[in-house]
Amino acid sequence: MNFRKLATAFLIVISCARLASAQGYQTFRAQLDNIRTRATWSLGPFWIWPSLQLNVGYDDNIYGTYGNRPPVADYTASLSIPINVYLPFRDWLLLSFSDSPQYDYFFDLDKERAFNNSYSAGFRMLLLNRFVVSGAYGVSRTKFRQFMEIDRRIFQELRSSSGSIFLETVRGSSLGFTAAIRDYAYEDVTLEGSDVPLSRALDREEREGRIEFYYPVFTDSSFFMNFGYIEYRFINPEGTFRDSYAYQANAGIAFPMFGRARGTLSLGYRKLVPRDENLKGFSGPVGNTSVELRLGRFNLRARYIRDIPFSYGSSFFYVSNNYGAGLSFYLSSLIRLDYDFSYGGGRYPEATSITLPDGTREVVERNDIYRGHSASIVFRIIRNTGLGLSAVYSERNSSYDLWDSDRLSVGVFLTYDF
């Protein structure tokens, strides 16, 4: 992920940065055609899709400013070489492997330097010319700002296993069931305002089952609906009060990854129920929308993300609302100007107990407001590859002054999306 996308994602919602294409589903034959068309190399029976991601930048507030402490700045550099390898067997089996090693270098803050890596292996099998059986296993260990309510970069390790079976029709519609198990493990560090290590509070296992339906509309786009159930089981005693389960239904349109219109328009409803009957749950609308539309020299963007993340503090969860809009203008075939604005907030349904900088404890009502601006200029190097210069400013205003902060980041990045 290049610097501009990474920074813009932080402004909108941590860990939900890219276009919401994950809502989409590709039929077996469509995926094979897409791989053969877009793969960079072919080596014998293997189709290979490598890339290079590079950015160099400056961040004036690495750790936030909890308790009015002075901000800490540093220069950073990041290098990543993602690669996807596919091995098709005729027209009935597809094996895949992906690896994304990345090294983050901080010029002064030695302890922030980190090697991140995410890899996965999977298969898709076409049976009786109608049924598609899939399975995948992945491991991701990354250090980044993962939560809206936490300013620091934190290690997260995610191990996931998933399987699905789909019925595909000749018209391109699909109906299927997907099951997944995800294990989250966090860095064993105690952050500001808490006396419980992050790992003890949030390490958990999630088990999910989901029914999905896709129906083709427009060109390479599909209408979808899904209905799911998720179990959340926290590993350590400090986090077990968050044990819960949720029902969720979503509907929307998944646009193609490449084309005039891209991304996903998705709205839904979620009911989160705590196992502890004394805790207040959540029931209401959610959304995960991120769409782009190319109109001549203009590229328009809009985002809406509403989610219910678990809280690191003494609260069970908080409600996160994030809105974003952006515009790109192509001055010529070689130069593009970008601007994005984001606005959002985190609302806590219950009071939060925190540890103050002097060591005393206090119960506070916390609600946060986020704003962000991102601007960049991108120069085409070759084909869709460009080199960009970016500046990102973000701020958080909280109902409790200890969490107020702002951040300015500037950088140079490489992009394959000109």
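Strands here are DSSP runs of E with at least two residues, numbered from the N terminus. One more thing before we start: this is a predicted model.

**Exercise 1. Describe the second largest pocket: its volume, its lining and the strand that gives the largest share of that lining.**

Solution. 
- Start with the space: the second largest pocket holds about 390 Å³.
- Now sort the lining by class: twelve residues are nonpolar, nine are polar and eleven are charged.
- Last, look for the main contributor. Strand β19 (residues 352-355) supplies three residues, the largest share of the lining.

**Exercise 2. Classify the ring pairs Y214 with F224 and Y245 with Y247.**

Solution. 
- Take Y214 and F224. Their ring centres are 6.2 Å apart, and the planes make an angle of 40°. Stacked needs under 30 degrees and edge-to-face needs over 60, so this pair is tilted.
- Where do the two rings sit in the chain? Y214 belongs to strand β11 (residues 204-217) and F224 to strand β12 (residues 221-234), so the pair links parts of the chain ten residues apart. Both Y214 and F224 are buried.
- Now take Y245 and Y247: 5.9 Å centre to centre, with 90° between the planes, which makes the pair edge-to-face.
- Y247 has a relative accessible area of 44%, so Y247 counts as partly exposed.

**Exercise 3. Find the rings that have R204 and R366 over them.**

Solution. 
- The distance cut-off is CZ of Arg within 6 Å of the ring centre.
- R204 lies over the face of Y184, 4.3 Å from the ring centre.
- R366 puts its charged end over the ring of W403, at 3.9 Å from the centre.

**Exercise 4. Is R303 buried or exposed, and which side chain does R303 contact?**

Solution. 
- First place the residue: R303 is in strand β16 (residues 298-307).
- Then check the area. Buried means under 20%, and R303 has a relative accessible area of 14%, so R303 is buried.
- Finally, the partner: the side chain of R303 makes a polar contact with the side chain of S290, at 3.4 Å.

Definitions and conventions
Residues numbered from 1 in each chain as written. Predicted model: local features only at pLDDT ≥ 70, side-chain atom pairs only at ≥ 80, totals over all residues. Heavy atoms only, no water. 1 Å grid on protein atoms, 1.4 Å probe; cavity = no way out; pocket = protein on both sides within 12 Å on 5 of 7 lines; lining within 4 Å. Points joined across faces, edges and corners; volume = space filled by probe spheres on them. Helix = DSSP H or I, 4+ residues; strand = E, 2+ residues; numbered from the N terminus. Nonpolar A, V, L, I, M, F, W, Y, C, P; charged D, E, K, R; others polar. Phe/Tyr/Trp six-rings, centres within 6.5 Å; stacked < 30°, edge-to-face > 60°. Buried < 20%, exposed > 50% of the residue type's maximum accessible area, 1.4 Å probe, protein only. Lys NZ or Arg CZ within 6 Å of the ring centre and 35° of its normal. Polar contact = N/O pair within 3.5 Å; in protein donor to acceptor, adjacent residues only side chain to side chain.
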